[in-house]
Amino acid sequence: MPSPSSPHGQISLAQLLARPELHLEVLVPGDLDVSIRWVATSDLTDPTPYLLGGEFLLTAGVGLRDLDHAELEGYVERAVSAGVVALGLGIDPVFHEVPPALLEACTASDLTLVRIPNDTPFVAVSRTFAEMTELRRVDALRTLADATRRLLRAASADQPETAVAAALAERLGSWAAVVGPGGAVRARAGQVPPAPVLGALAESADQTRGGPAAYPLRSLGGAALGTLLVEAAPPAGSTAHAFLTTAHGMLELIARQRTSGSVAPGQLLVPLLLEADDVFARPDGGPDTELWRDLLLQAAGGDARARTLRVVVACAPSSLKDASELHRWRSLFDTKLVTISAEHATVTLITRLDVTDRRLAAFLDEGWSFVVGRPVTAEQLRASAAEVRALERRAREDGGVVRVGADLAPVHSFIGAASGRALAERRLEPLLDLDAEARDARLALLRAWLHANGHWDATGRELGMHRNSVRRGIDQLRGLLGLDLDDARVRAELVIALEYVE
């Protein structure tokens with residue numbers, strides 16, 4: 001299999017040709033280390049308009065049998081120009097052996113030519129390549145998951161920048177360093193160049209040329225906070241590149257926390273746990289996964305017997321200027337997993353405690369509002385965070401405590417009372433401006449008709465009206481509201497708007 005540093009899914013020609021069950025015979029060895037994009041099959045005289053480049057092109061020779069020597073040369077030259085990495089010719093029924101002219105043409109163009117015996121179906125070659133690609137992808141994801149867990153541990157170290165740089169250097173098999181805005185080296189790992197050289201590299205290195213690569217660390221406002229330097233940038237799409245991207249984001253977060261005077265591990269871990277890909281996914285379910293889950297539960301505090309966690313988002317009544325009250329949140333929820341975002345005026349935390357209204361009372365009195373997630377396992381934290389954030393707007397507008405799963409969570413519950421009333425006023429304004437008697441009668445008709453999904457008889461039975469009276473009343477509502485009541489989207493908006501008519 002390819003090394004973990006090679007891009008996801010890329011299988012070399014040599015690896016595919018080496019599969020013994022295919023019985024492939026190399027007649028012209030071109031570049032066997034080249035990666036295959038896909039295995040394609042075509043018997044067209046000129047298949048190149050339908051190729052993307054990087055294909056191992058298989059043909060039974062139907063489009064080649066009437067070509068002379070010069071035309072075969074043209075066929076091969078077009079294939080090479082289109083980026084075909086190898087040509088596979090099936091034996092029988094068209095050709096019993098590879099034509100010498102094709103052999104000469106491939107030799108002249110240095111295009112790998114493969115003889116495919118008649119007992120090897122083309123689909124077997126395609127299927128084998130697909131299986132190798134999938135195995136490579138699974139292996140890459142396993143490697144990335146293990147590496148991400150290493151980064152999470154590094155973030156909780158006493159010196160997180162140094163620990164992250166060390167994990168990155170080990171993963172890349174080279175050196176890594178973090179240089180501050182003034183050129184001071186804040187962290188280093190591996191056989192790094194001298195400090196003056198690192199300072200110069202931070203000013204001049206980039207990600208496009210060969211040699212050391214530089215990745216700037218910036219604040220939310222774009223200010224320079226430092227530079228991550230690595231000996232060489234890994235290939236885009238590789239697991240090493242994905243690991244580097246995660247490490248870079250983590251170091252940038254650490255640098256931002258440094259400017260606000262806090263590099264608390266919980267501040268770093270919470271966004272990673274709630275936003276990164278599943279860091280608990282491990283195909284073999286090894287002991288390392290259980291160890292990490294236990295460490296997380298310990299950090300979340302609460303009853304040691306509890307095996308579930310809650311995501312809580314607290315919305316500040318005004319802007320948050322700093323993270324000075326971090327200890328207050330940690331103490332209240334008995335958890336180290338707290339992060340404060342001044343940008344969004346929110347506090348996000350993970351706890352094992354049962355989050356009661358009584359526990360939140362002091363903050364509620366100060367004007368804070370909360371969204372409290374349902375109890376979940378560690379593996380479900382990311383999904384729980386998505387549920388909580390979907391209700392954040394409602395909590396800000398309505399105030400108090402919004403609990404995920406407290407009801408069936410109908411659509412209108414996510415938009416908040418203020419937004420719901422605004423929708424009702426906009427969509428139902430002509431109705432709301434009528435006198436009270438006419439207003440109530442027409443609102444009742446509209447509700448009943450929507451509830452009956454537009455059926456005249458069902459609406460009439462509910463209101464004690466004749467179906468023709470219902471039809472006339474709905475037609476009047478069409479004109480009054482100026483809406484297409486046959487449009488499902490319009491009816492859906494009206495259902496929600498009616499929930500907020502006082």
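User: Where do I start with the helices, say how close do the axes of H15 and H18 come, and at what angle do they cross?

Analyst: In this predicted model, the axes of H15 and H18 come within 11 Å and cross at roughly 125°. The two helices are therefore oblique to each other, and H15 passes H18 in a left-handed crossing.

User: Which residues make that contact?

Analyst: On the side of H15, the contact is made by Leu 443, Leu 446, Arg 447, Trp 449 and Leu 450, while H18 brings in Arg 491, Leu 494, Val 495 and Leu 498. Sorted by class, the residues of this contact of H15 with H18 divide into 7 nonpolar, no polar and 2 charged.

User: And H15 with H16, what angle do they pack at?

Analyst: Helix H15, which covers residues 436–451, packs against helix H16, residues 456–463, at an angle of about 130°, and their axes are 8 Å apart. H15 and H16 are therefore oblique to each other, and the crossing of H15 and H16 is right-handed.

User: Which residues touch there?

Analyst: From H15 the contact takes in Ala 444, Leu 445, Ala 448, Trp 449 and His 451, and from H16 it takes in Trp 456, Thr 459, Glu 462 and Leu 463. By class, this contact of H15 with H16 has 6 nonpolar, 2 polar and 1 charged residues.

User: Okay, what about Leu 483, where is its place?

Analyst: Leu 483 sits in the loop between helix H17 (467–481) and helix H18 (488–498).

User: Is it buried or exposed?

Analyst: Leu 483 has a relative accessible area of 15%, and since buried means under 20%, Leu 483 counts as buried.

User: What is Leu 483 in contact with, apart from its neighbours in sequence?

Analyst: If we leave aside the neighbours within four places in sequence, Leu 483 is in contact with Arg 427, Arg 478, Val 490 and Leu 494. Arg 427 is 56 residues away from Leu 483 along the chain, and the C-alpha atoms of these two residues are separated by 8.7 Å.

User: Switching topic, how many aromatic pairs does the structure hold?

Analyst: The structure holds 8 aromatic pairs. In one of them, Trp 329 and Phe 370, the ring centres are 6.2 Å apart and the planes stand at 55°, so the pair is tilted. Trp 329 lies in helix H10 (residues 326–333) and Phe 370 lies in strand E15 (residues 369–372), so this pair ties together parts that are 41 residues apart in sequence.

User: What about the rings of Phe 363 and Phe 370, how are they arranged?

Analyst: The rings of Phe 363 and Phe 370 have their centres 6.2 Å apart and their planes at 75°, so the pair is edge-to-face. Phe 363 is buried, and so is Phe 370.

User: Which residues form the aromatic cluster with them?

Analyst: One aromatic cluster is formed by Trp 329, Phe 333, Phe 363, Trp 368 and Phe 370.

User: Now the backbone: which peptide bond is cis, the one from Asp 92?

Analyst: The peptide bond that runs from Asp 92 to Pro 93 is cis, with omega near 5°. Pro 93 has its place in the loop between strand E6 (86–90) and helix H3 (100–109), and Asp 92 is found in the loop between E6 and H3 too. Asp 92 has a positive phi of about 70° although it is not a glycine, and with 30% relative accessibility Asp 92 counts as partly exposed.

User: What about Asp 110, what is its phi?

Analyst: Asp 110 has a positive phi of about 55°, although it is not a glycine. Asp 110 lies in the loop between H3 and strand E7 (112–116), and at 52% relative accessibility Asp 110 counts as exposed.

User: Last one, how many helices and strands does the protein have overall?

Analyst: The protein has 18 helices and 16 strands, and of its 502 residues, 46% count as buried. Among contacts between residues at least 6 apart in sequence, 63% join residues at least 24 apart.

Note on methods
Residues numbered from 1 in each chain as written. Predicted model: local features only at pLDDT ≥ 70, side-chain atom pairs only at ≥ 80, totals over all residues. Heavy atoms only, no water. Phe/Tyr/Trp six-rings, centres within 6.5 Å; stacked < 30°, edge-to-face > 60°. Helix = DSSP H or I, 4+ residues; strand = E, 2+ residues; numbered from the N terminus. Buried < 20%, exposed > 50% of the residue type's maximum accessible area, 1.4 Å probe, protein only. Axes fitted to C-alpha atoms, helices over the stretch in contact; angles between N-to-C directions. Parallel < 35°, antiparallel > 145°, perpendicular 65-115°, else oblique. Left-handed = near helix turned anticlockwise from the far one by under 90°. Contact = heavy atoms within 4.5 Å. Nonpolar A, V, L, I, M, F, W, Y, C, P; charged D, E, K, R; others polar.
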